[in-house]
Structure formats: C-alpha cells, structure tokens
Amino acid sequence: MIKTDILIIGAGPTGLFTVFEAGLLKLKCHLIDALPQPGGQCAEIYPKKPIYDIPAFPEVLAGDLVDNLMKQIEPFQPGFTLGERAQTIDKQEDGSFIVTTNKGTKHHAPVVAIAGGLGSFEPRKPPISNIASYEDKGVEYIIRDPELYRDKNVVIAGGGDSALDWSIFLADVASEVTLVHRRNEFRGALDSVEKVQDLKNQGKIKLITPAEVVEVIGEGAVSGVSIKQGAEVFTKDCDHFIPLFGLAPKLGPIADWGLEIEKNAIKVDNTLDYQTNIPGIYAIGDVNTYPGKLKLILCGFHEATLMCQSAYQRIFPDKRYVMKYTTVGGVTGFDGTKKEAPKAVVKAIE
Amino acid sequence: MPADIKITIIDRDGVSHAIDAPTDMNMNLMEVVRSYELAPEGTIGVCGGMAMCASCQCYVESDHELPEMSDDEDAMLAEAFYVEDNSRLGCQLHISEEMEGLQVRLAPES
C-alpha cells in the first residue's frame, strides 16, 4: 500500500504544481496517471505547441512547461503510479481514502486531489455497430502483448503512427498483417511510412486503401471483418481486428465516485477551497466546474495553491499556519536541499 | 465596428439554430457553438481547438467557399469517424464576413 498525504489523480500541470504547494506545507504527494509519462495533455497531445498565457513566460512550449514543473517539484520527491488509471475509491472510518487503480495498486491518503483534466486517455473506438460484443474476443484497441498475435491473421485499421508502427512490428510476428485505412496517404514518421512501403513490396503487409472496416464477423469470436472499398463490400478473414485511432480523454471511473458532476466536470466550492461534495476530495484544474470557470493552466495553479492550504487544515485541524512567501522562507526539500535568498551581512568596511 | 454575421447551426439532435456570430473576436466555429451552448461542454472542442480531436467535426450544408484545409485538419479528418465529403473541423473555420448565411450540421459525438 502506497501511503501519502495528498493523493493526486492526474499528473498534468495542475497536479504537478500541487506537489510544490503541498511541499511548502511539508505535505507529501503521490500522483496517479493513466498515461505512461507525467505532463497530461501537454506531454501527450501538444508537447511542441507554444503556450502564451503562463504569467511571466511570454512563450513556453507545453513540453518545456512540464519539464520545468518536474524540476520545480523535484525537491519534494513526489511518488508516481504511471500507466494506471484510478479506478475505485473507498472511504475509511477515519475519513481517509484508499484509491485502487485498474491494475490493483492501492494508495492510502487523508486527502485526494482530482486533477484529472478532461479525464484519462482511452483509445478511440470506431463506430462499428457490433464491435462491442467482440471486445477481448479478437477485437483489441491497445496492443498489450504482441505475442497474442503470434502466427495469427491480423487486420489493423488506422493511418497514424501507431497503426504504422504496429503493422511493422507485427509483420514479423503474425502470420498475416493487413492494414486498412480510409485514405491512400499515411501520415506518420517518414521512416515508418517507408518501412510499411518496403514490407508491402515484400508481401509482408497487405494494404487495403482507401477503405473502411464496417462490420466485425464471427460466432462468439472474431473470424473476419467486412471491408467497404468504394461501392464494394467484401469479407476479409482474420483472427484479430485491431483499430488504432489514437486516444481521447474520458472522465471514466471518476464519474462513478459519488461526486456531483455538471457539464462533464466535477462541481466544487470555488468560494472556499475547491472541495467536492465529498469532504476530503478536492477537484482542481480542467476537471472541475463552478460559476465562471475557465479551463486554463494558470487557473489550475491558483486552484491547487488554495486547495493545499485547505488540505493542510484538514490533515492538521489543531495546527495554526499562515502562508509564507518563498522569497522569505526559501524552499526546503524533503531531499535535504535548501534554496533561499542570499542573506545580507552587516559589517564595517575598514 | 464589423457587423455580426448570421449562421445556422443544426445541433446533434437535429434542432436548427439561427445565431449571430462576431467577426471581430478571432472566434472559430467551434467556439461559437460552445458560446451558444449548442453541444454539451466536454463533447466539443476537447483539444481546445488544435485540430487534434475532431470533437468539433461538422458538415457544411451551404455552398460557401471556405478556406482550404490545413495539413493538420486533413490529417485529423483522415482518422476521425462519421466523415463525409463535406466534413470540416469547426475549430479550423475562423468566422469571417464571407461566412454570412453559412449552414453547418454538427457531426455525431464520438
């Protein structure tokens, strides 16, 4: 069981900055994120895009913002559970919470801060009417174990990097790889596109373009797919159908935690501390809503700062504390480092 | 001051809305839809307007000459669902005077 003071769900900019503000109050943090790396949307969707509205940064790349935040919070030694989605929450008798991920990792904390942005990133599922009944019976949206496809007949759909990369990889594993894409053109890293071209020339990958999978076929498990190419619809036998259309954020299991949801976001008390309807659970950043809410990174930073003060009072109800400026108090890390303003000396010069 | 233009947006329930859209606020069609709350928050403009999610896909039903697609928009539509010949991403259509009388239908949520 991982134990911490503030369990943060979501390692985007708001979640990361929470570690800093909590650290100033000597509170330890642990972050859970469904993505394999910290940074949330900034790292996953637009790392190379500039942001212009971070105060005092006339321009900063989203990826650099994340790198800077990671550097800023380093002294506070945050823990990370990455590549796992927060699945369930159980309130304990003492008012603390146990949050369990989809992989069974348990986390125990007196305070939970949901900084989940637009939700956890899930594969985008194509609107094929009967596809749901074949999930895990030959239809997979994520490739977890490539060995599953050894000597199998595989159809992949999609035209981006992951469709190209997996087609290349599985060409040596599967007995047959067919790549179906709506366009003749593929958009991905140049060497991936060229590699697929080579493998197609060698007969190791079959390309069907411009075409779309319109139906999954099989008794109980996948035995083929229907492919529409122009006006023609034909059947292609296969053991697995793998649609790879990228990721999209979904609020997911958090929606079932008993929190008040409005406009696909978690309602909080913005007049006080961004607490939800469940005391001890806060929601900050893009995941929350209140009158006048703006989904901006800078607003998330502000919300995180206020939330940490409230969390401190919740954890130490009998302690008195007033906020201290870092210019005055410096930053003392849990790793023993200390940053502070250089002290002036009073000394006569002879 | 530049005048607002009239455009018609058919929402995901098939309801038609005749609305005024400003041409001087650097707004795009996705933002206009959100400002009139014609699709629930969280189901449109998910990526914020970077042509990276297709949640603002719409079908252009009037015969307006719209600006050409960028490579980003074209690439996103190649991966999107429910795509038709008249599909565009609302976030890539900046409201301009040439769009007076434009009619678009929002694509299904996906």
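Mentor: Let us begin with how helix packing is described: the axes are lines fitted to C-alpha atoms over the stretch in contact, and angles run from 0 to 180 degrees between N-to-C directions. Please keep in mind that this is a predicted model.

Trainee: OK, so at what angle do helix H4 and helix H5 of chain A pack?

Mentor: Helix H4 of chain A, residues 161-170, packs against helix H5 of chain A, residues 190-201, at about 40 degrees, and their axes are 9 Å apart. That angle makes H4(A) oblique to H5(A), and the crossing is left-handed.

Trainee: Which residues in H4(A) and H5(A) meet?

Mentor: From H4(A) come Asp161(A), Leu164(A), Asp165(A), Ser167(A) and Ile168(A), and these meet Ser192(A), Val193(A), Lys195(A), Val196(A) and Leu199(A) of H5(A). Sorted by class, the residues of this contact are five nonpolar, two polar and three charged.

Trainee: And how do H1 and H3 of chain A cross?

Mentor: Helix H1 (residues 13-24) and helix H3 (residues 62-73) of chain A cross at roughly 20 degrees, with axes that come within 9 Å. Angles under 35 degrees count as roughly parallel, and H1(A) and H3(A) are therefore described as roughly parallel to each other. Their crossing is left-handed, and the contact residues include Leu16(A), Phe17(A) and Phe20(A) of H1(A) together with Leu65(A), Leu69(A) and Ile73(A) of H3(A). By class, the residues of the contact of H1(A) with H3(A) are 10 nonpolar, two polar and no charged.

Trainee: Switching topic, is the peptide bond from Thr209(A) to Pro210(A) cis or trans?

Mentor: That bond is cis, with omega near -20 degrees, and Pro210(A) is placed in the loop between strand S14 (205-208) and strand S15 (212-217) of chain A. As background, most residues other than glycine have a negative phi, and most peptide bonds are trans.

Trainee: Then what is phi for Asp151(A), positive or negative?

Mentor: Phi of Asp151(A) is positive, near 60 degrees, in a residue other than glycine; Asp151(A) is found in the loop between strand S11 (120-123) and strand S12 (153-157) of chain A.

Trainee: Zooming out, what does the domain assignment of chain A give?

Mentor: It gives domain 1, made of 2-121 + 248-339, and domain 2, made of 131-245. Taken over C-alpha atoms, the centres of domain 1 and domain 2 of chain A are separated by 38 Å.

Trainee: Last one: how many residues does the contact take from chain A and from chain B?

Mentor: The contact takes 19 residues from chain A and 14 residues from chain B, and the chain A side has nine nonpolar, five polar and five charged residues. For the complex, the predictor gives an ipTM of 0.82 and a pTM of 0.85.

Definitions and conventions: Residues are numbered from 1 along each chain as its sequence is written. Chains are lettered from A and ligands numbered from 1 in the order in which they are written. This is a predicted model: local features need pLDDT of at least 70, side-chain atom pairs count only at pLDDT 80 or more; totals for chains, interfaces and linings use all residues. Two residues are in contact if their C-beta atoms, placed from the backbone, lie within 7 Å. Ala, Val, Leu, Ile, Met, Phe, Trp, Tyr, Cys and Pro count as nonpolar, Asp, Glu, Lys and Arg as charged, and the others, Gly among them, as polar. Domain bounds come from an automatic or database domain assignment. Helices (H or I, at least four residues) and strands (E, at least two) are DSSP runs, numbered from the N terminus. Angles under 35 degrees count as roughly parallel, over 145 as roughly antiparallel, 65 to 115 as roughly perpendicular and the rest as oblique. A crossing is left-handed if the near helix is turned anticlockwise from the far one by less than a right angle, and right-handed if clockwise.
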